[in-house]
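Q: Hi! Could you walk me through this one with me? I'd like to go feature by feature.

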Amino acid sequence: VYTERWYSYGNQIWRCTYTLPHEPAKRKREAWEIPPEERTKQNIRRSVLTVEELALCNPWEWWVTFTFDGKKVDRFNIAELKKAVAQWLRDERKKNPGLKYLIVPEQHKRGGWHMHGLLMGLTKEALKDNWHAEFKMLPKYIREEVAKGKDIRWWPKALKKFGYNTIEPVRIRLGCARYMAKYMTKAIEGNAIQGGKALFIASQGLE
């Protein structure tokens, strides 16, 4: 039995885990002794915790949402979509070694997928903010936020490759971490991602 508490000291966020009560160490079960369903749950829990830690322990700059164009990629096939996005990001990182990313999928009610995530090392020069010059039809919430003067941009390279996207500065890393864990849990609970596969995309070298 354990509980978690989040603390903020200075500019850092810490997670403290309390285990109550303390139990004597038990013999570690062999892999064949663990039922498949339990192994899947363990893998999922580890993946969610890993994403939370990566989100909290790195100085992310941008929060990104990718909405995929069905003419450019099969947005209903999560395995192929994850593979395509992961390969594209690796290729982009070869051109810009400072680029780092952490991406998780979320499924629409109609079955299609989009992705949310965190980026750093992407310069403002690589992004655009001239929404009205490029898009005639914007989602209502984007129009409202842009009208308020909120700094919301888009990534031209990602637009050309996959479709519509939005990028905005990270304000609260803890909030981003919780959102990402929520997206992952929702996809898993809906059995959209079988066996805990394709849970997230992360660049190498993250703290």
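Q: Let's begin with Tyr179: what is its relative accessible area?
A: Tyr179 has a relative accessible area of 44%, so it counts as partly exposed. Buried means under 20%, exposed over 50% and partly exposed in between, with a 1.4 Å probe and protein chains only. This is a predicted model, where local features need pLDDT of at least 70, side-chain atom pairs count only at pLDDT 80 or more, and totals for chains, interfaces and linings use all residues. Residues are numbered from 1 along each chain as its sequence is written, and side-chain values use heavy atoms, leaving out hydrogens and water.

Q: And Tyr183, buried or exposed?
A: Tyr183 is buried, at 11% relative accessibility. Both Tyr179 and Tyr183 sit in helix 6 (residues 173-189), four residues apart, about one turn of the helix. Helices (H or I, at least four residues) and strands (E, at least two) are DSSP runs, numbered from the N terminus.

Q: How many aromatic pairs are there?
A: Five. Rings of Phe, Tyr and Trp (its six-membered ring) pair if their centres lie within 6.5 Å; planes under 30 degrees apart count as stacked, over 60 as edge-to-face and the rest as tilted. Phe66 and Phe68 form a stacked pair, at 6.4 Å centre to centre with 25 degrees between the planes.

Q: Why is the pair of Tyr179 and Tyr183 stacked?
A: Because their planes are at 20 degrees, with the ring centres 6.1 Å apart.

Q: Back to Phe66, which cluster is it in?
A: Ring pairs link Phe66 with Phe68, Trp88, Trp155 and Phe162. Phe66 and Phe68 are both buried.

Q: New topic: what is the strand order in the open sheet?
A: The five strands run 6-3-5-4-7, with antiparallel pairing. Two strands pair if DSSP finds at least two bridges between them. Strand 6 (165-169) and strand 7 (201-202) are the edge strands, each pairing on one side only.

Q: How many bridges join strand 3 and strand 6?
A: Strand 3 (residues 62-67) pairs with strand 6 over five bridges. In that region, Trp62 stands opposite Pro169 of strand 6.

Q: Last one: which element gives the most to the lining of the largest pocket?
A: Helix 6, with four residues. Strand 3, helix 4 (140-147) and strand 6 are also among the elements that each supply at least two. Of the 18 lining residues, the closest to the centre of the pocket are Trp63, Lys150, Glu168, Tyr179 and Tyr183. A pocket here is an open set of points on a 1 Å grid over the protein atoms alone, where a 1.4 Å probe fits, with protein on both sides within 12 Å along at least five of seven lines; lining residues have an atom within 4 Å of a point.
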